[in-house]
Amino acid sequence: MSSPPRPSTWPRPPACLPAGDLDRPPNNARVAVAGLVLIRQRPGTAKGAIFLTLEDETGICNVIVWKTVYERFRRAVIAGRCLRVTGRMQRGGGVTHLIAEEIEDIGWMLDDLLRIEETPAEPGP
């Protein structure tokens with residue numbers, strides 16, 4: 001079963017790689033992704049690192065936020081509903097992560113979804 005087509009006015013963050021295409025860039029490539037924040041984890045054994053899981057319409061992306069980056073983008077990491085993250089790809093042991101360098105709260109784009117007007121129904125015969 002295929003998913004319904006999204007409206008042509010669906011808001012999409014500029015210059016972001018869909019999560020479903022994260023296998024394409026080479027290791028250490030600098031990319032940007034965007035998605036809803038599904039999980040925030042800050043294990044005590046992670047030396048101050050925060051792990052985020054973002055989801056877009058194509059899949060999920062695992063993000064590692066080191067302490068120095070967290071300190072710069074603290075508000076977005078803690079409170080953002082939808083984030084745009086730019087960083088470096090890291091692959092190892094069959095797992096792909098994005099090591100965050102910049103984090104932007106783009107939650108305002110979610111509000112735009114509510115503003116997308118439905119197409120008026122065509123009059124019947």
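Contact here means that heavy atoms lie within 4.5 Å. The views show a predicted model, in which local features need pLDDT of at least 70 and side-chain atom pairs count only at pLDDT 80 or more, while totals for chains, interfaces and linings use all residues. Residues are numbered from 1 along each chain as its sequence is written, and side-chain values use heavy atoms, with hydrogens and water left out.

Ile64 lies in strand S3, where strands (E, at least two residues) are DSSP runs numbered from the N terminus. Ile64 counts as buried because its relative accessibility is 6%, buried meaning under 20% relative accessible area, exposed over 50%, and partly exposed in between, with a 1.4 Å probe and protein chains only. When residues up to four places away in sequence are not counted, Ile64 touches Ala49, Ile50, Phe51, Gln90, His97, Leu98, Ile99 and Ala100. Between Ile64 and Glu101 there are 37 residues in sequence, and their C-alpha atoms are 9.5 Å apart in space.

Five strands close into a barrel in the order S1-S2-S3-S5-S4, with mixed pairing; two strands pair if DSSP finds at least two bridges between them. Neighbouring strands of this sheet are turned by 55 degrees against each other on average, direction ignored, the axes being lines fitted to C-alpha atoms and angles running from 0 to 180 degrees between N-to-C directions. Strands of a sheet pair through backbone hydrogen bonds, either parallel or antiparallel. S1 and S2 are antiparallel and share five bridges, and Gln41 has Phe51 in S2 as its bridge partner. S1 also pairs with S4 in the antiparallel sense, over seven bridges, and there Val31 stands opposite Gly87 in S4.

**View C. The hairpin of S2 and S3.**
S2 and S3 form a hairpin with two residues between them, and the two strands run antiparallel, joined by seven bridges. Strand S2 is mostly covered, since five of its seven residues are buried.

**View D. Thr86 in strand S4.**
Thr86 is placed in strand S4, which spans residues 82–92, and it is buried because its relative accessible area is 10%. Leaving aside neighbours within four places in sequence, Thr86 is in contact with Arg30, Val31, Ala32, Ile99, Ala100, Glu101 and Glu102.

**View E. The largest cavity.**
A search of the whole structure finds one cavity of 30 Å³ or more, a cavity being a set of points on a 1 Å grid over the protein atoms alone where a 1.4 Å probe fits but cannot get out. The largest cavity holds about 30 Å³ of space, a volume being the space filled by probe spheres set on the points, which are joined across faces, edges and corners. Its lining, meaning residues with an atom within 4 Å of a point, consists of Leu17, Ala19, Val33, Ala34, Leu54, Glu55, Asp56, Gly59, Ile60 and Cys61. Strands S1 (30–41), S2 (50–56) and S3 (59–65) are the elements that give two or more residues to this lining.

**View F. Two residues with positive phi.**
Asn28, in the segment before S1, has a phi near 75 degrees, a positive value in a residue other than glycine. Lys47, in the loop between S1 and S2, likewise has a positive phi, near 55 degrees, and Lys47 counts as exposed because its relative accessibility is 76%.

Notes. On a 1 Å grid over the protein atoms alone, a cavity is a set of points where a 1.4 Å probe fits but cannot get out, and a pocket is an open set with protein on both sides within 12 Å along at least five of seven lines; lining residues have an atom within 4 Å of a point. Helices (H or I, at least four residues) and strands (E, at least two) are DSSP runs, numbered from the N terminus.
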